[in-house]
Amino acid sequence: MFRLTSSVLIIFSLFLSSTISATTSISQTSIRDAFQEAEKYVWQPNSLHYQTLYQQLHYYPLQPYLDQQRLMHGMNMSYTGEISQFLETYRGSPLDWPLRKKWLNYLVKQDNALLFQDFFKPTSDVELTCQYYRYQLQSGVAESKILPEVTKLWVVGKSQPKVCDPLFTLWQKAGYRTDERIWQRIALAADGGKHTLIPYLTQLLPKKDQYLGSLWHKVRRDPAYISNMKRFPQKSVKEASIAAYGLKRLIWRDSEKALKTYSKAIEVLPFSEAQQQQIVLKFAIALASKNHKSSATWLAKVDEKLQSTNIVQWRMADLLRAQDWPAIKADLRALPETLHQKNQWRYWYGRSLLETGETALGHEVLSELANKRHYYGFLAASAIKQSVNLQNYPLAITNAEKVDLLKNPAAKRAFEFFHIGRFHQARLEWNYWLSQLSDREKLAASRIAYEAQWFDRAIFTLSKVGYLNDVDLRFPLAFADEITHSSGIYKINPAWAFAIARRESSFMADANSPAGAKGLMQVMPATAKHLQKRKVTNKRLLNAKDNIKLGTKYLKRLLDRHDGNQVLATAAYNAGPYRVRSWLKGLEPMPADIWIETIPYKETREYVKSVMAYQEIYQIKVGQDVSLFDQIFTMSIAQ
């Protein structure tokens, strides 16, 4: 799992030696075993077995986690001094909050207001925050100092813990719960919050306004409810706010009904200029993404102040589908300089110049772009038959810098957790360590992580600092044996598999997406089950070797389904084969670079661009001579 390269063995031997007591000859493997054995007995801290193990762990980086667990398990008031010292020693580190939270909750049960206030630190935990404010008021802190802070806890789009109720009652009696704040909370509950809170909040409004809360709730559940203007009897500003919210949702569900409703609503409701602009913007994007016949009209209505890459994207998509090169050239020339200089629009401007006969200027524009390590740089290089430039400038980090950094206790804890496969805890310690470092030290840390084969930390850290030109660190041949082997079995290009894994997880073996995709290649459990004809456990999905097998097998299946077209297979890996099939339905043949630019989903559009660019880099790294982008530039996409 954790394979040190020869170049870093000396560095890590210095690091690891500091984790072993000078009075024992126990090996590093044994001390790690001793730590994991001690964890099982931390609930029996006075037992001889635990004490023997604990004594072996002096100077071992993870020993404080045993102390933390012991304090959390046997919590009582006699531990006050020890807990205070521990929290002071590890203030702000991952060792701090789990113990502090449990201790604060314990102090609440003991109703020890003074100690609670001493140990409390600002937190996103609403329950503890409310308790802190209650104790503050009990101890004599002025209401004028506390109650304005309570407003922030009340004006949210969800219910709050019951411990906050007495605080809210006091806050209400002091006159802080105004109709406007109730209205704000209803809007938050409707727009992304818990809409089930709205009926309760509606009852808090004056009787004459309660219909507004009911209207919000109905529109939240079904935006088509706004289509009947009789449901907006007062034609008021608040009614206009509800209608604007509904229109911006309805345009995605039922474009024709939204267009018809807006034409009526604009005549009778007092939309503000800002609301109208936001409605127009949302309509323009939604209609363009659906390739609606009126999308160009709506795109043209978008206020100049709201012009963005997203709006230009969809305006260009319409023109690119028609391959109207003179119009593309004219539109791009008219862009503000900040947008015109973006790689995306420089490429299409250069292409429009070539297509309209301005060959010399087109070559000039594309030649400059072709020097960039970027999707559009690679396309530009293929367009003018120029070699790709990886712009690789490796970091120069000295051994002395590495040794000095690895003296940090948080660094030691991070790498120890990584070594024993506890990646989440390792990342927590890594992030805490990084928060203490300068940019130069962060770059050195990324080099150390790369040499320890902790690839995702190297990649994310370089990105965080903004140093993007060490190609080896940013695009490592991670899990090379597994990826090369599985790619060979399923007869796919290993550079493609590397690119997919790099884009999906940055080689984080335990990656989990909000949608449920897992592991290096972000395989969905349902996809794994379909591929294997049986349920695949999470343990297997998070095992790098198994995940790579499943990911490469799925890539092969998608490649076959799309007749060997890797662009379509890549899009399908992200959006699903059925969506890609719907995008291709009735499609007349068009150049691949144009098809990619007109993919309806922004996420998939950017995903395909990234994977194609990453594959070009990996093809160079594995010694493949053929340029992927030469193929893309001459490729045609059709149904």
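Me: Before we start, which pLDDT do local features need here?
Reply: Residues are numbered from 1 along each chain as its sequence is written, and side-chain values use heavy atoms, with hydrogens and water left out. As this is a predicted model, side-chain atom pairs count only at pLDDT 80 or more and totals for chains, interfaces and linings use all residues, while local features need pLDDT of at least 70.

Me: Happy to have that. How many helices and strands does the chain have?
Reply: Helices (H or I, at least four residues) and strands (E, at least two) are DSSP runs, numbered from the N terminus. Counted in that way, the secondary structure comes to 39 helices and 2 strands.

Me: What share of the residues is buried, and what box do the C-alpha atoms fill?
Reply: Buried means under 20% relative accessible area, exposed means over 50%, and partly exposed lies in between (1.4 Å probe, protein chains only). Of the 639 residues in the chain, buried ones make up 52%. Taken along the principal axes, the box filled by the C-alpha atoms is roughly 85 × 75 × 50 Å.

Me: Which residues does the disulfide join?
Reply: A disulfide is a covalent bond between the sulfur atoms of two cysteines. The cut-off used here is a pair of cysteine sulfur atoms within 2.5 Å, and the count comes to 1 disulfide. With S to S at 2.0 Å, the residues joined are Cys130 and Cys164.

Me: How many residues apart in sequence are the parts that this pair ties together?
Reply: The link of Cys130 and Cys164 is right-handed, with 95 degrees about the S-S bond. Cys130 lies in helix H8 (residues 126–138) and Cys164 in the loop between helix H9 (143–154) and helix H10 (165–173), so the parts tied together are 34 residues apart.

Me: Why are Asp96 and Arg100 separated by about one helical turn?
Reply: The side chains of Asp96 and Arg100 meet in a salt bridge at 2.8 Å, N to O. Asp96 is buried at 6% relative accessibility, and Arg100 is buried at 4%. They are separated by about one helical turn because, within helix H6 (residues 96–109), they are 4 residues apart.

Me: Which residue forms a salt bridge with Arg351?
Reply: The closest N and O atoms of this salt bridge, between Arg351 and Asp593, are 3.2 Å apart. The pair links distant parts of the chain, with Arg351 in helix H21 (residues 343–355) and its partner in helix H37 (residues 592–597), 242 residues apart. Both residues are buried, and the partner of Arg351 is Asp593.

Me: What phi does Ser506 have?
Reply: Most residues other than glycine have a negative phi, and most peptide bonds are trans. Ser506 is found in the loop between helix H31 (494–505) and helix H32 (525–532), and Ser506 is buried at a relative accessible area of 7%. Although Ser506 is not a glycine, its phi is positive, at about 55 degrees.

Me: And where does Lys385 lie?
Reply: Lys385 has a positive phi near 55 degrees and is a residue other than glycine. Lys385 counts as exposed, at 77% relative accessibility. Its place is the loop between helix H23 (375–383) and helix H24 (399–405).

Me: Last one: how far apart in space are the C-alpha atoms of Tyr554 and Thr527?
Reply: Tyr554 lies in helix H34 and is buried, with a relative accessible area of 16%. Tyr554 and Thr527 are 27 residues apart in sequence, and their C-alpha atoms are separated in space by 8.1 Å.

Key: Salt bridge = Lys/Arg side-chain N within 4 Å of Asp/Glu carboxyl O.
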